Structures are given as structure tokens and as C-alpha cells.
Amino acid sequence: MLFVTGVPLFLMELSLGQYGAAGPITVWKCCPLLKGIGIGMLCVSTLVCLYYNVIIAWTFYYLGSSFRSPLPWSCDAVANAALCGNGTRNGSSGQALSPTEMFWNEKVLGVVNSDGLHDPGPVRWPLALCLLAAWIIIFLCMLKGIRSSGKVVYVTATFPYFVLVVLIIRGATLEGSLQGIAFYLTPDWDRLANAQVWNDAASQIFYSLGIGVGGLLSMASYNKFDNNVIRDTLIITTGNCSTSFFAGFAIFSVLGHMAWRKGVPVAEVADTGPGLAFVAYPEALALLPGSVFWSILFFLMLFMLGVDTLFGNMEGITTAVLDEFPHLRGNSLHKSLFLGALCFCFYLMGLLLITDGGIYWFTLIDSFSTSFGLIIITLFMCIGISFFYGVNQFCQDIVDMICPCPRWCTKALFYFKACWVFFTPFLLLFILTYIFIEMYNTSLKYGSYIYPLWGKSLGVCMGATCCLQIPIWAAVAIWKETGTLQERFIKAIRPLNSWRVNNVNNMARSAPPVEPTRVESPYTVTLTDMDFTAMTWDMGTEA
């Protein structure tokens, strides 16, 4: 999945953004027919930003609660004394809830007060304050544009590595940690026949690399024109997936200790989705000596990771809008007001997700925002660049950017060209087919709650809204042209004049300045009547 879809699509977005020096909408001057891809990316990014900052709000709540000793979800807390007699041991069997599950469901979510998607209930104001603080931090970090957010990333991107190393060292010293590591490294080959595994794998690669949401295009647009995108692609994708693999040891070593303490298999304490970060792992941390310190460290790391991820999505949205309305970019006050209004609108919309029944809406958006819609958007991007813009022209653009192109880069482009034309679209179609089959045959659930048909239909509409931007804006591009339908189509896939002019300027800026030289010559030039006649003809032609 990584080598056939992740790396090639990452390079495609990075190269397109750097060569076009524009955001996810304006960059499609290279092929106006595909402008809907950029708008679809904007829709996906909007949905992701809407629910992702809710995770940061939860993290804030847990981080504040971690300064209390004992931890409010541990068995040492007085309020949990009655639960820890048998609740923790029987929580996985459904007979009772553990203290961490009680804290998550009652204190944080309030989901016990809601009957489902149709019953959101009141806003939980402690979470509303946490969500407001999260959006204020995002606003302040992005206020000065790419310069301020770039400096913040130096901290948010490096601090989690320090925490991971500390957690791995601590986890390795725990009894039963090897049991958790063995569970983590033992593959279950039978699950490859499950469509959900392929869907989850694609979502993980797309989500961790930021493919298809516009953030990569926006960030790459600030690169120097002659930056080596192939080198950056290999370094970033390798480092990203290595970090994910590395982080698994920190998680499962502690979960192994938790399973050893409970006397149950690791599979019974491991969880997926928010349950892993806010139920299973906090419960494991509560069992460690010095649990307050480890809890603060863990949730501080989650906060840094959340802010780091949200920067990319927000940058994709702001860059796209500022490219379409350049006067906002030139006026710092107007730009600040726009960013503030954007964050405030996201905050208001996010209040639905922090009601008593907000977790049901959160799960709905999470399940469909990055599902089939994202796959369709990236599929059309891959096909459009390969066959409409031209894969050979695209590869030549990459060579022009990193000229002089190293020999290994030229060889790597042969592999990427094969992926863009054949392997990547084929695998995306395969995943998309599995997603639709699974979507039709499987009900959407959160815990024991089964989503009603109207709820699932609403989620499908969310995903469809994102990918339907492609045919809508393609029809608009064809309608704006003149001639027969075939002539309009051909004109709509041709790059605009500003696409080439923009990149000639980029190449000129990146090239070293050439000083004019005087050529000494002993000869003279004599003009004849023919020269003046030719000049008159040229002027007439220009007129």
C-alpha cells in the first residue's frame, strides 16, 4: 500500500504544488477540467478539521485531569473504589465498566445521556471551553502564515519523538511487555481477505501522509522551484511510516503489561479508534508507578501531534482561499480577520460533536469523510495528471525543477511513471470496490449502537459531496469553452497560459542572474529599405 499508492501519490502532490506554486484549487490551471479535484480536497479538509480539533479538545480535557493525583480514572481514586472490585476485570466482557470506561463515557462524552444520533442533547461546556482553547491556539500559531506555523512545527514535530523514546524505554522494563510486542509483530494473514482491513490500510496511509486533503499541495507551493521533490518524498514517507511502526512498540509494550496485570490476552485490552488513546492506554498508564507524570507526558504528546496534523489541513484551506482572493493575502488585517472567522465557524460547527450524543456524529464524520470520497478524488487526480496533462510532461516538469537531475532520480521516475499510469489506479479501484461492497453489507456501529439507515445515508452524502465536485466543475469548465463538445473538452484539458508563464518566472528566479556583456566589434551595420519594409510588416502583424 505504501510503495504502490502512498509514495507515488505523495510525490505527485508535492511536485504539482511546487511546480505550480499554488494551492489545491489554483494549481489546476494545468488542467482546468480537473478544478473540481481541488474543491473536493477542500471539502474533505473541511470535514477533517471539523472533527479533528474535537480530538484535541478531548486531549486538553485529559491533560488537565492528569494533574490530579490520583488520576480520576484510576482505581486509586475514591470515586472508583466500588468499580475496581470487579468492574475493571469484567469490563471487556460487558458485565461492568472499568473506571477508564466510566470516565470516558460519563465524564468526558456524556454518551450515557443520549439515545443515539437523533438525540444529541446539550453541549458539554467543559469540552466547549477546551475546544475554544484549541481553536485559539491554532489561530495564534497560523496568524503570521507559513512562517509562524513553520516555527511551531519545529517543536510539535520533534517533541513526540522524545516522548516516544521515553515511553519505549519505560515500557521495555515492564513485566509482560514482550507479550504485547509479540502480539504487535505477529501478522494475521487471514484478515487480508477482509475488505475493512484494506480500507483501514488505505485510510492510514492517506491520513498519515496527508494525501488528498490539499495540505501537501499548499505546503509544497512554498518550496523553492529547484527543490529536489523526489529526495524529499523518499525521506518524508520513509520517516513517517517508520515513526508509526516505532510508536507501536511504545503502545503495545504498555498494553502487554496491562494484559499481564489483568491475566487476559492482549487482544482483549487492545482497542481501536478513540478507545485506544482515551480508554485502553490511559488505563494502562494508571497502573504504572508515577502514573501522573506518564499521563501528562502522553497527553502532551497527543496534543502536539494533533496540532501538527491540523496545521496541514488548515493551511490547505487558507492557501486555497487566498489564491482565489489575492487581495486578502496582501492585507494582513483582512487575512487575520478571515482566519479568525474561519476558526470561529469551525468552532461553532464543532459544538455538535461535543454534545452528549456528539460521539455518534463524530464517528459518522470520521467514517465517511476520508472513505470512498477521498479515494475517488485521488484516483481522478492520478488519472488526470497521467492521461490528460500527460505523464511524460509531468515527469519532464519534475526534471526541470531539480535540474541538474541526478541519475538515480531519473531511474526512480520510471518506477513512479509505471505506478501513476497503471499500478496506483488499479489498486485504488480495487480498494474502492471493496469499500462499496463492505458499505452495502455492513452496518455502521459505535459500541452496541447501530446507526439508522438515514444516518448512514447522511454519511454517504458527505462523501459523495466531496467527490461530486469533480464532474460539476468539469461541466463548468467545458461550458465556458467554445466550439463543439469535443473541441470544448480538448480546450478544457489544456493548461492555461498563466500556468507556463508562472513557471517560467519561477525558473527565472531560481536561475543565477546573468550579467549583460558588451561585444566589441570593428564592423558597422548598414540598414536598407528592405529592413524598414520588414519592420513595417511586423508591426502590422502585431496590430
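This is a predicted model: local features need pLDDT of at least 70, side-chain atom pairs count only at pLDDT 80 or more; totals for chains, interfaces and linings use all residues.
**Exercise 1: Getting an overview**

Find how many helices and strands the protein has, and what share of its residues counts as buried.

*Solution.* Start with the secondary structure: the protein has 23 helices and 2 strands. Next, turn to burial: 48% of the 543 residues count as buried. Finally, look at the contacts between residues with a separation of 6 or more: 82% of them join residues 24 or more positions apart.

**Exercise 2: Two packed helices**

Work out how helix α17 is oriented relative to helix α19, and which residues meet there.

*Solution.* Two packed helices are described by the angle and the distance between their axes. Step one is to locate the pair: α17 covers residues 372-401 and α19 covers residues 453-467. Step two is the geometry: their axes come within 8 Å and cross at roughly 15°. Angles under 35 degrees count as roughly parallel, so α17 and α19 are roughly parallel to each other. Their crossing is right-handed. Step three is the contact itself: Phe372, Gly373, Ile376 and Ile377 of α17 meet Val460, Gly463, Ala464, Cys466 and Cys467 of α19. Sorted by class, this contact has 7 nonpolar, 2 polar and no charged residues.

**Exercise 3: Inside the core**

Identify the residues that touch the most other members of the largest nonpolar core, then explore Met314.

*Solution.* This core holds 160 residues, and those touching the most other members are Trp58, Trp135, Ile230, Met314 and Trp420. Helix α2 (residues 35-65) gives the most to the core, with 18 residues. Now zoom in on Met314: leaving aside neighbours within four places in sequence, its contacts include Cys49, Trp135, Leu339 and Phe346.

Terms used
Residues are numbered from 1 along each chain as its sequence is written. Side-chain values use heavy atoms; hydrogens and water are left out. Axes are lines fitted to C-alpha atoms, for helices over the stretch in contact, and angles run from 0 to 180 degrees between N-to-C directions. Helices (H or I, at least four residues) and strands (E, at least two) are DSSP runs, numbered from the N terminus. Angles under 35 degrees count as roughly parallel, over 145 as roughly antiparallel, 65 to 115 as roughly perpendicular and the rest as oblique. A crossing is left-handed if the near helix is turned anticlockwise from the far one by less than a right angle, and right-handed if clockwise. Contact means heavy atoms within 4.5 Å. Ala, Val, Leu, Ile, Met, Phe, Trp, Tyr, Cys and Pro count as nonpolar, Asp, Glu, Lys and Arg as charged, and the others, Gly among them, as polar. A nonpolar core is a set of buried Ala, Val, Leu, Ile, Met, Phe, Trp, Tyr and Cys residues joined through side-chain atoms within 4.5 Å. Buried means under 20% relative accessible area, exposed over 50%, partly exposed in between (1.4 Å probe, protein chains only).
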